[in-house]
Amino acid sequence: MAPRKRVITVICDSLRRDFIGAERTPVLADLAARSRYFTQARGVFPSTTRTSSASIATGCQPARHGLAGNCVILRDDDGLQCHNVGHPAFIDRLRAITGATLKVPALAHHVRPVGGALLMSNVSAGAAYFHDPEGHGEVWHRAGSFGVGRIPLLPNPAARWESGAAGDAAMTQAFCQRVEQDETLAAATLWLSNPDHSGHRSPLGSSEHLLGIAAAEVCVQAVMTLVERLRAAGEDVLFIVGSDHGMQTIIESIPVTRLLVEAGLKAGADSRDVVIAPNGTAFTIGVSDAHAHRIAALVTWLGRQAWAGEIFAGAQLATIGLADHETCRIAVSMRADQRVNQAGIAGASFYVEDPDEPGDYVGRGQHGGLGTHEQSPFLMIAGTGFAAGVDDAPVSLVDILPTILRHLALPAGGLDGRPLQATAPMPMPMP
Ligand SMILES: [Zn+2]
């Protein structure tokens with residue numbers, strides 16, 4: 001009988017690839033040396049956690065899965081409005097407004113023919129729920145855990161997991177126990193809050209940020225030990241460890257909505273003609289069809305703003321994986337450069353003020369745009385089909401699902417990504 005195949009994935013939210021090394025991440029550096037280590041991995045746009053979670057789960061860009069940000073614009077009976085995807089109730093709101101959740105099947109749906117899927121997540125409810133929005137597997141999150149069919153698990157086994165090191169540690173312990181005991185699981189994913197948790201609260205490279213990375217490493221080490229035990233017992237485990245995006249340092253917070261109103265391009269702060277969806281170091285703009293004539297003026301005005309980086313409208317949206325639609329006519333990645341912060345960490349960006357998350361974030365970590373370091377997640381894969389070595393192929397978050405499906409001998413076609421078993425590694429150790 002062939003050995004049982006499984007895929008175990010760990011996401012260290014927000015960990016930048018340039019932080020991987022013997023000094024800052026000894027556990028991950030050791031794993032990288034024994035894995036296929038992808039040196040050119042990229043995120044999606046916006047490089048936000050909820051969008052990234054949906055892209056990892058579906059193997060598709062936001063244009064196809066439909067979740068174009070941590071905050072997205074929807075049209076309801078009153079017109080366009082911005083919604084926060086992170087809120088636990090958003091998934092039901094989305095279904096009520098559009099009749100669906102994600103527009104394409106997610107990981108748990110794909111793997112059903114061979115077994116169950118489990119996600120334990122310690123980031124936002126939205127990022128957790130959009131990994132398996134239709135409840136084909138199990139999702140554990142503090143805001144509510146669900147079994148197959150989105151039937152609530154009561155009492156909630158994740159109720160006490162808070163974002164941060166302690167919650168990540170408790171979740172990791174539960175994850176390892178469950179994966180070891182449940183032979184029906186074909187795909188199990190652990191989504192750690194660190195170092196996103198510490199990076200949003202402190203300067204990148206500061207002692208607090210590095211403590212968050214160290215805490216995430218302890219969790220990765222625990223899962224590595226589990227994987228070794230399962231392999232020793234004869235299982236064919238594919239082990240994927242990576243991040244969803246990196247981070248940039250915030251230079252300045254820009255009140256984009258207010259500036260648009262002052263420029264006469266939007267009727268008022270809460271008006272439905274032109275609507276902003278803030279996404280950290282990026283934003284999208286929905287323009288109601290009745291005001292579509294304003295798109296050209298918006299693009300011209302944005303092009304004159306010192307804080308605006310790359311601007312995409314119309315057919316250009318497809319080049320960053322977004323669909324051109326009333327709810328997303330323009331996308332902007334805030335201006336980014338390579339200036340260094342107080343800890344000597346390069347990569348800085350302007351930030352879009354978010355009325356729902358007031359506070360002073362200048363000098364701390366953030367993401368959402370196309371800046372070099374927010375678009376540099378790390379990715380390492382160990383197991384069948386992945387001889388150890390450095391691989392400089394351009395790969396993306398959307399390649400993770402097809403890779404999982406290939407390992408499980410399931411069809412992996414028709415997705416935006418491709419199985420990475422097919423790429424050729426360079427047979428050399430990590431420097
Ligand atoms: Zn994230």
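No disulfides are present in the structure, a disulfide being defined as a pair of cysteine sulfur atoms within 2.5 Å. Cys 12 takes part in no such bond, and the nearest cysteine sulfur, that of Cys 219, lies 8.1 Å away. Cys 12 has a relative accessibility of 1% and therefore counts as buried, where buried denotes under 20% relative accessible area, exposed over 50%, and partly exposed in between (1.4 Å probe, protein chains only). Cys 176 is likewise in no disulfide; its nearest cysteine sulfur, that of Cys 219, is 8.8 Å away. Cys 176 is buried, at a relative accessible area of 11%.

The model is predicted, with local features requiring pLDDT of at least 70 and side-chain atom pairs counted only at pLDDT 80 or more, whereas totals for chains, interfaces and linings use all residues. Residues are numbered from 1 along each chain as its sequence is written, and side-chain values use heavy atoms, with hydrogens and water left out.

Four strands form an open sheet in the order S13-S14-S16-S15, with antiparallel pairing. Strands (E, at least two residues) are DSSP runs numbered from the N terminus, and two strands pair if DSSP finds at least two bridges between them. Strand S13 (274-278) and strand S15 (308-313) each have a single partner strand and stand at the edges, so one side of each is left without a neighbour in the sheet. On average, neighbouring strands of this sheet are turned by 20 degrees against each other, direction ignored; the axes are lines fitted to C-alpha atoms, and angles run from 0 to 180 degrees between N-to-C directions. S13 and strand S14 (residues 282-287) run antiparallel and are joined by five bridges. Ala 277 stands opposite Thr 284 in S14.
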